[in-house]
Amino acid sequence: MSAAAIAERRFLQQQRCRILYRKALKSVLDWAVHRDIFYIEGEKTRLQFEANRDVQNLETIDRLLFEGEARLAKLQHPDPYIVPWSPGGSKYARNPPVPPVIELVNDFGRESSH
């Protein structure tokens, strides 16, 4: 394998690891809504990632990432927290736009026949 191919593979692994870590923390937040519990569980998650920080073998890294992604999928909260104004949130599209069949008159009470 060429040096460029190895560098590209490592870059993609780093990206996958960052995405996995971020998703893991968001999953922890779904389960532990109180910040004091979240900080403890988030630290445990960080330690799990730090335990494998110095792994250099590309195949081992791929295996660890695959196992982590599978574990995360297994431990997902059945009703995850959604930010209220995001799609799927309780405030999303609460005030939908006016339908096009309704005509808006912007003369503020003045007669247009004058």
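**Rings, helices and a pocket**

Arginine 46 lies over the face of tyrosine 21, with 5.3 Å between it and the ring centre. The model is a predicted one, and the values below are computed from it.

A pair of aromatic rings is described by the distance of the centres and the angle of the planes. Two rings pair if their centres lie within 6.5 Å, and by this rule the count comes to 2 aromatic pairs. One of them joins tyrosine 21 and phenylalanine 49: the centres are 5.0 Å apart and the planes make an angle of 75 degrees. Planes over 60 degrees apart count as edge-to-face, so this pair of tyrosine 21 and phenylalanine 49 is edge-to-face. Tyrosine 21 belongs to helix α1 (residues 3–31) and phenylalanine 49 to helix α2 (residues 35–50), so the pair ties together parts that are 28 residues apart in sequence. Phenylalanine 49 has 22% relative accessibility and therefore counts as partly exposed.

Phenylalanine 38 and tyrosine 39 form another aromatic pair, a tilted one, with 6.0 Å from centre to centre and 55 degrees between the planes. Are its two members buried or exposed? Phenylalanine 38 counts as buried because its relative accessibility is 14%, under the 20% limit. Tyrosine 39 has a relative accessible area of 54% and is therefore exposed, the limit here being over 50%.

Helix α1 deserves a look along its length. At 1.5 Å a residue, its 29 residues should span 42 Å, and the C-alpha atoms at its ends are 42 Å apart, so the two values agree. The buried residues in α1 are Gln13, Leu20, Ala24, Ser27, Val28 and Asp30. Part of what covers the buried residues of α1 is α2 and α3 (58–74).

The last stop is the largest pocket, which holds about 1100 Å³ of space. It is lined by 30 residues, and those closest to its centre are Cys17, Leu20, Thr45, Gln48 and Phe49. Leu20 is also among the buried residues of α1, and Phe49 is a member of the edge-to-face pair. Helices α1, α2 and α3 each supply at least two residues of the lining of this pocket. With 11 residues, α1 gives the largest share of the lining.

Key: Residues numbered from 1 in each chain as written. Predicted model: local features only at pLDDT ≥ 70, side-chain atom pairs only at ≥ 80, totals over all residues. Heavy atoms only, no water. Phe/Tyr/Trp six-rings, centres within 6.5 Å; stacked < 30°, edge-to-face > 60°. Helix = DSSP H or I, 4+ residues; strand = E, 2+ residues; numbered from the N terminus. Buried < 20%, exposed > 50% of the residue type's maximum accessible area, 1.4 Å probe, protein only. Lys NZ or Arg CZ within 6 Å of the ring centre and 35° of its normal. Expected span 1.5 Å × (residues − 1). Contact = heavy atoms within 4.5 Å. 1 Å grid on protein atoms, 1.4 Å probe; cavity = no way out; pocket = protein on both sides within 12 Å on 5 of 7 lines; lining within 4 Å. Points joined across faces, edges and corners; volume = space filled by probe spheres on them.
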